[in-house]
Amino acid sequence: MRSPELSLIGIFGGTFDPVHYGHLRVAEEIAEMTGLREMRFIPAARPRLRRAPMASLQHRVAMIRLAIQGNSRFILDEREVQRGGISYTVESL
């Protein structure tokens, strides 16, 4: 068992357009297999390497919030939403 100061967190970034069961299942499996303390879902404000998402950023954030409620290990991280512009993972890390 890891000590609290060595707890790991997972980062799950994407457009989530829309978030779906596959996202949630993969996140849960990885968290369980690796003993993550938390899994952070980071929606891209504006993806750099693909077309613009169909759903608005506000709707994608709301969908993630609803999808992860009830799972205390899942956290919505809005840093790319708040930063705006094109999303770069390296800036979020």
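The legends below accompany several close-up views of one predicted model.

Residues are numbered from 1 along each chain as its sequence is written, and side-chain values use heavy atoms, with hydrogens and water left out. Because the model is predicted, local features need a pLDDT of at least 70 and side-chain atom pairs count only at pLDDT 80 or more, whereas totals for chains, interfaces and linings use all residues.

**View 1. Confidence along the chain.**
The pLDDT, which is the predictor's confidence in each residue on a scale from 0 to 100, averages 92 over the chain, and 95% of the residues score at least 70. Elements named here and below are DSSP runs numbered from the N terminus, with helices (H or I) of at least four residues and strands (E) of at least two.

Strands are taken to pair if DSSP finds at least two bridges between them. Strand E1 (residues 9–14) and strand E2 (residues 38–43) run parallel and are joined by six bridges; within this pairing, Gly10 stands opposite Met39 of E2, and Gly13 has Ile42 of E2 as its bridge partner. E2 also runs parallel to E3, to which three bridges join it, and here the bridge partner of Arg40 is Ile75 in E3. Five of the six residues of E2 are buried (under 20% relative accessible area, against over 50% for exposed and partly exposed in between, with a 1.4 Å probe and protein chains only), so E2 is largely enclosed by the rest of the structure.

The peptide bond from Asp17 to Pro18 is cis, with omega near 0 degrees, while Phe16 has a positive phi of about 50 degrees although it is not a glycine. With a relative accessible area of 2%, Phe16 is buried. His23, placed in helix H1, also counts as buried, at 16% relative accessibility. Leaving aside neighbours within four places in sequence, His23 is in contact (heavy atoms within 4.5 Å) with Phe12, Phe16 and Pro18.

A pair of aromatic rings is described by the distance of the centres and the angle of the planes. Rings of Phe, Tyr and Trp (its six-membered ring) pair if their centres lie within 6.5 Å, and planes under 30 degrees apart count as stacked, over 60 as edge-to-face and the rest as tilted. By this rule the count comes to four aromatic pairs. The rings of Phe12 and Phe16 have their centres 5.4 Å apart and their planes at 75 degrees, so this pair is edge-to-face; both residues are buried. Phe12 and Phe41 form a tilted pair, with 5.4 Å from centre to centre and 35 degrees between the planes, and this pair links distant parts of the chain, since Phe12 lies in strand E1 and Phe41 in strand E2, 29 residues apart. Both Phe12 and Phe41 are buried. Ring pairs link Phe12, Phe16, Phe41 and Phe74 into a cluster.

**View 2. The largest nonpolar core.**
A nonpolar core is a set of buried Ala, Val, Leu, Ile, Met, Phe, Trp, Tyr and Cys residues joined through side-chain atoms within 4.5 Å. The largest one has 17 residues, and those with the most contacts inside it are Met39, Phe41, Ile64, Ile68 and Phe74. Two or more residues of this core are given by each of H1, E2, helix H2 (57–68) and E3, with the largest share, four residues, coming from H2. Not counting residues up to four places away in sequence, Ile64 touches Phe16, Val19, Phe41, Pro43 and Leu76.

**View 3. The surroundings of Val81.**
Val81 lies in helix H3 (residues 79–83). The C-alpha atoms of Val81 and Ile42 are separated by 8.4 Å, although these residues are 39 residues apart along the chain. Not counting residues up to four places away in sequence, Val81 touches Pro43, Ala45, Leu57 and Val61.
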